[in-house]
Amino acid sequence: MLNFSYKCTECGREYPISPDLMVCPSCEANQKANEPLRGTLEMAIEGHLPDGWDALDLLPVSREYYPDIPVGNTPLWAPARLRQLTGYNNLFLKDDTCEPTFSYKDRASFLVAAFCRQHGIHEVAVASTGNAAASMAGVGASAGLSITIFVPKNAPKAKLVQCLQYGSRLIPVDGIYDDAFDLSLKYTRKTKALSRNTAYNPLTIEGKKTAAIEIFRQLGKAPDYVFIPTGDGVILAGIYKGFHDLMQFGLIDKIPIMVAVQSSGSPNLCKAFEKGNFASPVPSKTVADSISVDVPRCGYLALKNLREYGGMCICVPDEGILRAQLELSYNTGLFCEPAAASAYGGFLEGKEKFEIGKNACIVLMITGSGLKDIDAASKILPELPKPIKSLDDLVL
Ligand SMILES: *Cc1c(COP(=O)(O)O)cnc(C)c1O
C-alpha cells in the first residue's frame with residue numbers, strides 16, 4: 001500500500017491531501033501578477049508497490065472511484081515510414097489522439113473525476129483553451145458530475161461543440177485564456193465547485209504522469225528522449241513526475257532527456273529557460289491553440305525540472321508546425337492537431353541542434369487529434385476538389 005501527501009515544489013512543506021488545498025498557502029503569499037504560479041504542489045509517495053501493479057496503483061485515489069470511460073493505455077507505436085524518412089530507427093509515437101475525448105487532457109480529468117467521487121464533490125469548474133474543457137466535460141459526463149467551463153470565445157469550434165455535446169455548462173469569455181483562468185478561479189471561490197484548472201489543481205500534474213509509466217511498461221525501459229508539446233508545462237511536469245516515481249521505486253536509473261517544444265508564437269517558457277527568469281509576458285499568437293499561453297502556469301516547476309535533469313527547450317515557428325502536421329499525416333496516417341504536431345516539428349529541428357544519435361530511443365508525445373481543429377490543418381491544404389458528374393471531368 002502507498003501513502004500520498006502533497007509537497008510544495010518550492011519550499012518543501014508537506015500537507016495532507018484535501019479538496020480545499022490547491023497551492024502551498026505559504027508560497028502563494030509571494031504570488032505576483034503575470035508570473036507563473038507560486039507554490040505548485042506535487043504528490044509525495046511513501047510505501048511499496050503492490051505485486052502486479054499498474055499506473056492506477058501509483059495514483060492517490062483508489063480504483064473503485066474511477067469512472068468507466070477508458071482513459072489511458074494508449075498505443076505506443078513504431079512508425080516505419082517515418083523512421084525511414086528521418087533515419088531514426090528507434091522513434092516511437094505515444095498516441096493520445098486515441099483518448100476518449102481525443103486529447104491527453106483526459107488523463108488529468110480522469111483523476112479529478114475520481115477524486116470528486118471519493119470526496120462527494122458534484123461540480124467541477126475549469127478554464128481551458130479548449131481541450132481540458134472538452135475532456136472534463138466528457139469524462140465528467142461518464143462520472144455523473146456537473147461541469148462548468150470558461151473558455152476564450154475564439155477557441156476552435158469543434159472543442160466548444162464537444163463541451164455542449166457532453167452536456168456541460170459552457171461560458172465563453174470575452175478575452176484570452178488567462179482571463180478565463182482568472183474568472184474561473186473567482187467562480188470556484190464563490191461556489192462549491194472544485195477547480196480543475198491546469199497546474200493550479202495538483203491532481204492535474206499527478207494525473208498526467210500516467211503516460212510516462214505506460215511508456216516504461218510498453219518499452220520495458222525508459223526512453224532516451226521525450227518530445228513534449230508545452231504550453232503551461234503541466235504535461236511536462238506530469239511526465240517528469242511519472243519517471244521520477246519509477247526511479248523512486250528502483251525501476252529505472254535515469255530520467256530521460258525531456259525536450260519541451262513551444263511555438264515561436266508562444267515562447268515564454270523557452271525564453272525563461274534561456275534567460276533564467278520569467279520576464280513580463282509576451283502576448284502569444286500561434287496556430288497551435290493548445291500551447292498558446294502568455295504565462296506558463298507551471299513555469300517555475302518546469303524550469304526546476306529541466307535544469308535538474310538536463311532537459312531542453314525548443315521553439316518551432318507556425319509554418320514548421322503545420323508542415324510537421326502534414327508530414328506526420330502523409331507518412332503515418334496519424335492526423336493530430338497543431339500543438340501535438342509541434343512534438344514532431346521540435347524533433348526535426350532538435351535532432352541536429354542537440355546532436356541526437358541515430359540509435360537513440362525517442363518518444364514523441366502526440367497529444368491531440370487533428371479533427372479538433374480542421375481550420376488550422378486547412379491553412380496549408382489545397383482547396384477541396386470540385387464535385388464531378390462523370391469520369392470525363394477527370395484527367396486520368
Ligand atoms: C494542453 C495541451 C498541450 C500542452 O499541455 P501543457 O500542460 O499546457 O503544457 C499540448 N497539446 C495538446 C493537444 C494539449 O491539449
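These legends describe close-up views of a predicted model, covering aromatic pairs, charges over rings and a cavity.

**View A. A tilted aromatic pair formed by Y66 and F110.** Among the eight aromatic pairs that the structure holds, this one brings together two rings whose centres are 4.9 Å apart and whose planes meet at 40 degrees, so the pair is tilted, given that planes under 30 degrees apart would count as stacked and those over 60 as edge-to-face. The pair links distant parts of the chain, with Y66 placed in the loop between strand 3 (41-47) and strand 4 (76-77) and F110 in helix 3 (residues 106-119), 44 residues apart. Both Y66 and F110 are buried.

**View B. An edge-to-face pair formed by F278 and Y300.** Here the ring centres of F278 and Y300 are 5.4 Å apart and the planes stand at 80 degrees, so the pair is edge-to-face. Because F278 belongs to the loop between helix 10 (268-275) and helix 11 (299-308), while Y300 lies in helix 11, the pair ties together parts that are 22 residues apart in sequence. F278 is buried, with a relative accessible area of 16%, whereas Y300, at 21% relative accessibility, counts as partly exposed; the cut-off that separates these two classes is 20%.

**View C. An aromatic cluster of Y88, F227, Y344 and F347.** In this view, ring pairs link the residues Y88, F227, Y344 and F347 into a cluster.

**View D. Arginine side chains placed over the rings of F92 and Y104.** The charged end of R83 sits over the ring of F92, at 4.8 Å from the centre of that ring. In a second example, the ring of Y104 has the charged end of R107 over it, 5.2 Å from the ring centre.

View E. By residue class, the lining of the largest cavity divides into 11 nonpolar, 12 polar and four charged residues.

Definitions and conventions:
Residues numbered from 1 in each chain as written. Predicted model: local features only at pLDDT ≥ 70, side-chain atom pairs only at ≥ 80, totals over all residues. Heavy atoms only, no water. Phe/Tyr/Trp six-rings, centres within 6.5 Å; stacked < 30°, edge-to-face > 60°. Helix = DSSP H or I, 4+ residues; strand = E, 2+ residues; numbered from the N terminus. Buried < 20%, exposed > 50% of the residue type's maximum accessible area, 1.4 Å probe, protein only. Lys NZ or Arg CZ within 6 Å of the ring centre and 35° of its normal. Nonpolar A, V, L, I, M, F, W, Y, C, P; charged D, E, K, R; others polar.
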